[in-house]
Amino acid sequence: MSEELLEQLEEWHEEDEFEEIVDAIMEIPEEERDYVLISHLGRAMNNLERYDEAVELFLSIQDEGKDDPLWHYRIGLAYYYLDRYEEARRAFEVADQLEPGDEDTLEFLEWIRSKTAPKPAEQPIAMSHTDPDVLNFWDDRALAADQYTSAPPSDDLIESVEESLVFKLPASYIKAMKLHNGGIPRNRKFPIGDGAQEYIEISGILGIGRDKKKSLCGSLGSRYMIESGGYPEIGVVICDCPSPSEVVMLDYRSSGNDGEPEVVHVDKAKNYKITRLATNFDAFLGGLSS
């Protein structure tokens, strides 16, 4: 295997040309593919969301990968997105033992704990989007409220915005925006961690539209914040924050572009650390406090 090929594989990986990686390696006779090539092929399969094939590839080099933290991390990632959380947990735990403190590994372990932890009985959210009292949720007297708030969106506008974003917006978010399309909530803090002493703070919630600067497709909307801030392409920015290095996003990695996204906080100042806030948009609104 030539150094030139390895450099080309890495270049394609950096450019998200994952199909090129697959095609190039598949042209090499199977008996000539070594551990490094199969690792590259498995990584590309993960990036193409072909997780079953990735698992099969990684298992074929299991003996060689037993002491390689990257092997355990990559097969753990494939297991995670196949919803095989117990196998994913074991893989990430070994990766952490072999390379302690890796942020991505620890983040996956945290996500697995949150997904597999016993859930208490669901408590009804105090605010219902179909209740006229929902309007008390918003602080329309805030000086910057007009930058966020638009008229209720039409179905055609919603469809157009979704096409521009390439993501299907959650039904609960659409319901809320049809009643009050974006704005500044009265309660803008969301607790994180085990206790309530730590929290993130939002400035406002982006509405569905293009006209207002701080609407999803506005001049300071989701695409602008992702591109100008270098935030990960995991979904849609729905809230900006007082700190210019922080945003709140709908995270579609587990659900796919048409599924029900989780709500996460992304902190650019901490190497784009992603913190899971809520399982869905309704739960996020219900968790906001003063």
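## Helix H1 and its packing

The buried residues of helix H1 make contact with two further helices, H2 (18-26) and H3 (35-47). The model described here is predicted. On H1, the residues that are buried are Leu6, Leu9, Trp12 and His13. Their directions from the axis span an arc of only 125 degrees, which places them on the same side of H1. The face turned away from that buried side carries exposed residues, namely Glu3, Glu4, Glu7 and Glu14.

The length of H1 was also examined. Helix H1 comprises twelve residues (residues 3-14), which at 1.5 Å a residue should span 16 Å; the C-alpha atoms at its ends lie 17 Å apart, in agreement with that expectation. Just after H1, Asp16 adopts a positive phi of about 60 degrees.

## The nonpolar core

The largest nonpolar core contains 84 residues, and Leu216, Val248 and Phe284 have the most contacts inside it. Helix H6 (residues 69-81) supplies the largest share of this core, with eight residues.

## Aromatic pairs and a cluster

An aromatic ring pair is described by two quantities, the distance of the centres and the angle of the planes. The structure has 15 aromatic pairs when ring centres within 6.5 Å are counted. One of them joins Phe167 and Tyr252, with 4.6 Å from centre to centre and 35 degrees between the planes, a tilted arrangement. Phe167 belongs to the loop between helix H9 (155-165) and helix H10 (171-179), whereas Tyr252 belongs to the loop between strand S5 (246-251) and strand S6 (262-267), so the pair ties together parts that are 85 residues apart in sequence. Phe167 and Tyr252 are both buried.

Aromatic residues also come together in a cluster. One such cluster is formed by Tyr51, Tyr73, Tyr80, Tyr81, Tyr85, Phe92, Phe108 and Trp111.

## Cysteines

How many disulfides does a search of the whole structure find? The search returns zero. The cut-off for a disulfide is two cysteine sulfur atoms within 2.5 Å. Cys217 is in no disulfide, and the nearest cysteine sulfur, that of Cys239, is 16 Å away. For Cys241, which is likewise in no disulfide, the nearest cysteine sulfur is that of Cys239, at 7.0 Å.

Key:
Residues numbered from 1 in each chain as written. Predicted model: local features only at pLDDT ≥ 70, side-chain atom pairs only at ≥ 80, totals over all residues. Heavy atoms only, no water. Phe/Tyr/Trp six-rings, centres within 6.5 Å; stacked < 30°, edge-to-face > 60°. Helix = DSSP H or I, 4+ residues; strand = E, 2+ residues; numbered from the N terminus. Buried < 20%, exposed > 50% of the residue type's maximum accessible area, 1.4 Å probe, protein only. Expected span 1.5 Å × (residues − 1). Arc of directions from axis to C-beta. Contact = heavy atoms within 4.5 Å. Core = buried A, V, L, I, M, F, W, Y, C linked by side-chain atoms within 4.5 Å.
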